[in-house]
Amino acid sequence: MNEPYGFLSNFARYPIELDGRVWPTSEHYFQAQKFADDAQQELVRRAVSPMDAARLGRTLPGIRPDWDALRDDAMLRALRAKFAQHPSLRDQLVATGEATLIEHTANDCYWADAGDGSGQNRLGELLELVRAELLVERERPAP
């Protein structure tokens, strides 16, 4: 994740604390939320790498039947936690200004642009939402 915008990736190694646990990356948290079963969530949380967590999230049996309805909220919770808990990342995200944020990969047509711009780019849209929330928070006068 040494690329200029690598910090935006869910694979970037910035732990987050959510739901009473520390998750090695936002990818670990997101993938674990696919399961209602605590043991499966813990298995994903303990995955050695974000790639392993993603693999488990795609292959373990028992994905919630309502996952498609929950996935955006799970991603948004992970992103909010990541940028709230890591001030340097928060500053870098805010520094992107009004730039359109695009997850560019051919491997995903929901979270990314499908490599050719035809994807939904939901990750980019949610990152922009978090950035907007952070900007509003910065502009709010201190109590």
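Predicted model: local features only at pLDDT ≥ 70, side-chain atom pairs only at ≥ 80, totals over all residues.
A residue counts as buried when its relative accessible area is under 20%, as exposed when that area is over 50%, and as partly exposed in between.

**Two residues with positive phi**

Most residues other than glycine have a negative phi. Asp19 has a positive phi near 55° and is not a glycine. Asp19 is placed in the loop between β1 (16-18) and β2 (21-23). Its relative accessibility is 45%, so Asp19 counts as partly exposed.

Ala114 also has a positive phi, about 65°, although it is not a glycine. This residue belongs to the loop between α5 and α6. With a relative accessibility of 18%, Ala114 counts as buried, because buried means under 20%.

**Ala112 in the loop between α5 and α6**

Ala112 is found in the loop that runs between α5 (87-94) and α6 (122-139). Is Ala112 buried or exposed? Its relative accessibility is 0%, and therefore Ala112 counts as buried. When neighbours within four places in sequence are left aside, Ala112 is in contact with Glu103, Thr105, Gly119, Gln120 and Asn121. Ala112 and Gly124 are 12 residues apart along the chain, and their C-alpha atoms are separated by 7.4 Å.

**Gln41, Gln33 and their surroundings**

Gln41 is part of helix α2 (residues 38-45). At 9% relative accessibility, Gln41 counts as buried. Which residues does Gln41 touch, not counting residues up to four places away in sequence? They are Arg21, Trp23, Ala32, Gln33, Phe35, Ala36 and Arg64. With one of these, Arg21, the side chain of Gln41 makes a polar contact, side chain to side chain, at 3.4 Å.

Gln33 is located in the loop between α1 (26-32) and α2. Gln33 likewise has 9% relative accessibility and counts as buried. Setting aside residues up to four places away in sequence, Gln33 touches Asp19, Trp23, Gln41, Arg64, Trp67 and Ala74. The partly exposed Asp19 is thus among the residues that Gln33 touches.

The table below collects the accessibility values of the residues discussed so far.

| Residue | Relative accessibility | Class |
|---|---|---|
| Asp19 | 45% | partly exposed |
| Gln33 | 9% | buried |
| Gln41 | 9% | buried |
| Ala112 | 0% | buried |
| Ala114 | 18% | buried |

**How the helices pack**

Two packed helices are described by the angle between their axes and the distance between the axes. For α4 and α5, the angle is about 110° and the axes are 5 Å apart. These two helices are therefore roughly perpendicular to each other. From α4, the contact involves Lys82, Phe83, Ala84 and Gln85, and from α5 it involves Pro87, Leu89, Arg90 and Leu93. By class, these residues divide into 5 nonpolar, 1 polar and 2 charged.

The axes of α5 and α6 come within 9 Å and cross at roughly 100°. That angle makes α5 roughly perpendicular to α6. On the side of α5, Arg90, Asp91, Leu93 and Val94 take part; they meet Leu127, Val130, Arg131, Leu134, Leu135 and Arg138 of α6. The contact of α5 with α6 has 6 nonpolar residues, no polar residues and 4 charged residues.

**Nonpolar cores**

How many residues does the largest nonpolar core have? It has 20 residues, and those with the most contacts inside it are Leu79, Phe83 and Leu93. At least two residues of this core come from each of α4 (67-85), α5 and α6. The largest share, 6 residues, is supplied by α4. Another core, of 12 residues, lies apart from it and includes Leu18, Tyr29, Phe35 and Ala81.

Leu79 touches Asn10, Leu123, Leu126, Leu127 and Val130, when residues up to four places away in sequence are not counted. Two of the residues named above, Leu127 and Val130, are also among those of α6 that meet α5.

Finally, two residues of this account may be compared in position. Gln41 and Leu93 are 52 residues apart in sequence, and the distance from C-alpha to C-alpha is 28 Å. Gln41 lies in α2, whereas Leu93 is one of the residues of α5 that meet α6.

Key:
Residues numbered from 1 in each chain as written. Heavy atoms only, no water. Helix = DSSP H or I, 4+ residues; strand = E, 2+ residues; numbered from the N terminus. Buried < 20%, exposed > 50% of the residue type's maximum accessible area, 1.4 Å probe, protein only. Contact = heavy atoms within 4.5 Å. Axes fitted to C-alpha atoms, helices over the stretch in contact; angles between N-to-C directions. Parallel < 35°, antiparallel > 145°, perpendicular 65-115°, else oblique. Nonpolar A, V, L, I, M, F, W, Y, C, P; charged D, E, K, R; others polar. Polar contact = N/O pair within 3.5 Å; in protein donor to acceptor, adjacent residues only side chain to side chain. Core = buried A, V, L, I, M, F, W, Y, C linked by side-chain atoms within 4.5 Å.
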